[in-house]
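Please read each one with the structure open.

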Amino acid sequence: MAQPLTDPHDRFFKELFSRRDTACDFIRHYLPPNILAHLDLSTLEISKDSFIDAGLKEHFSDLLYKVALHKGQAAYIYLLFDHKSYPDPMVAYQLLRYMVRIWDLWLKQQAEKTKRSERKRRQAKRLPAIMPLVLYHGEKRWRVNLQLKALFDAPEEMRPYLPDYRYRLYDLSGYSDDEIRGEVILQTGLLLLKYIYRDELKERLPEILSLLQELSDRQSALEYLETILRYLSGGTDKLSEE
């Protein structure tokens, strides 16, 4: 059963990236073009499952997107949001655990499909690809190695037998404001995440909020403004009530 969203960073992340159009916007702008070329974003689905241990929900949030590849295979994009103010050196290990849980869920779903052709049975023996992404907005720059193998204390001769993969990192502190791209909702959301811990938030906020004037749907703009104000009221100590 899903836990209540009490952390303001968790809640804002979920409200922002659970919008299908915002999720597609993020993927279009921030995945490498050679990866994006394989994805059929018209098929993107947002999973309601979370794979994070209960004890780590204070520091991490996650969303899982299912998307078809142009050749027909299923694939997943797993977005992990690290909302601590400092990098976690064990993120690659945590991600591996969550990826295995996603594959476990996929295998279970395949087993529950009793009416399948022989071809689908053969396909079910091959696991879908998972693209692991980490979104980080802490005060300190992320200097943790992005590869799982960096966590192992092992001689070189043993390394070929150890698991390895690399995750893709989005450290918002390393992006200039001009480099933060996307439609209005995504752009304002990422800018707020970037500045939420910083003293500059107070002076940057009017310009960030002014972007909402570009939203043509007034009702959507007001709803999103409410989401933003709720986040600002609980997610930062850099602003006064006034």
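1. Which backbone oxygen lies 3.1 Å from a polar atom of the side chain of Thr188? The backbone oxygen of Ile185 does. This is a predicted model, in which local features need pLDDT of at least 70 and side-chain atom pairs count only at pLDDT 80 or more, while totals for chains, interfaces and linings use all residues. Residues are numbered from 1 along each chain as its sequence is written, and side-chain values use heavy atoms, with hydrogens and water left out.

2. Thr188 is found in helix α6 and is buried, with a relative accessible area of 1% (buried means under 20%, exposed over 50%, partly exposed in between, with a 1.4 Å probe and protein chains only). Leaving aside neighbours within four places in sequence, Thr188 is in contact (heavy atoms within 4.5 Å) with Ile208, Leu211, Leu212 and Tyr224.

3. Asp177 forms a salt bridge (a side-chain nitrogen of Lys or Arg within 4 Å of a carboxyl oxygen of Asp or Glu) with Arg204, the closest N and O atoms being 2.6 Å apart. This pair links distant parts of the chain, 27 residues apart, with Asp177 in the loop between β5 and α6 and Arg204 in helix α7.

4. Arg204, which is buried at 13% relative accessible area, also meets the side chain of Glu207 in a salt bridge of 2.8 Å, N to O, whereas Glu207 counts as exposed at 51% relative accessibility.

5. Elsewhere, Arg11, Glu15, Glu226 and Arg230 are linked in a network of salt bridges, and the count by this rule comes to 16 salt bridges.

Key
Helices (H or I, at least four residues) and strands (E, at least two) are DSSP runs, numbered from the N terminus. A polar contact is a pair of N or O atoms within 3.5 Å; within protein, one must be able to donate a hydrogen and the other to accept it, and residues adjacent in sequence count only if both atoms are side-chain atoms.
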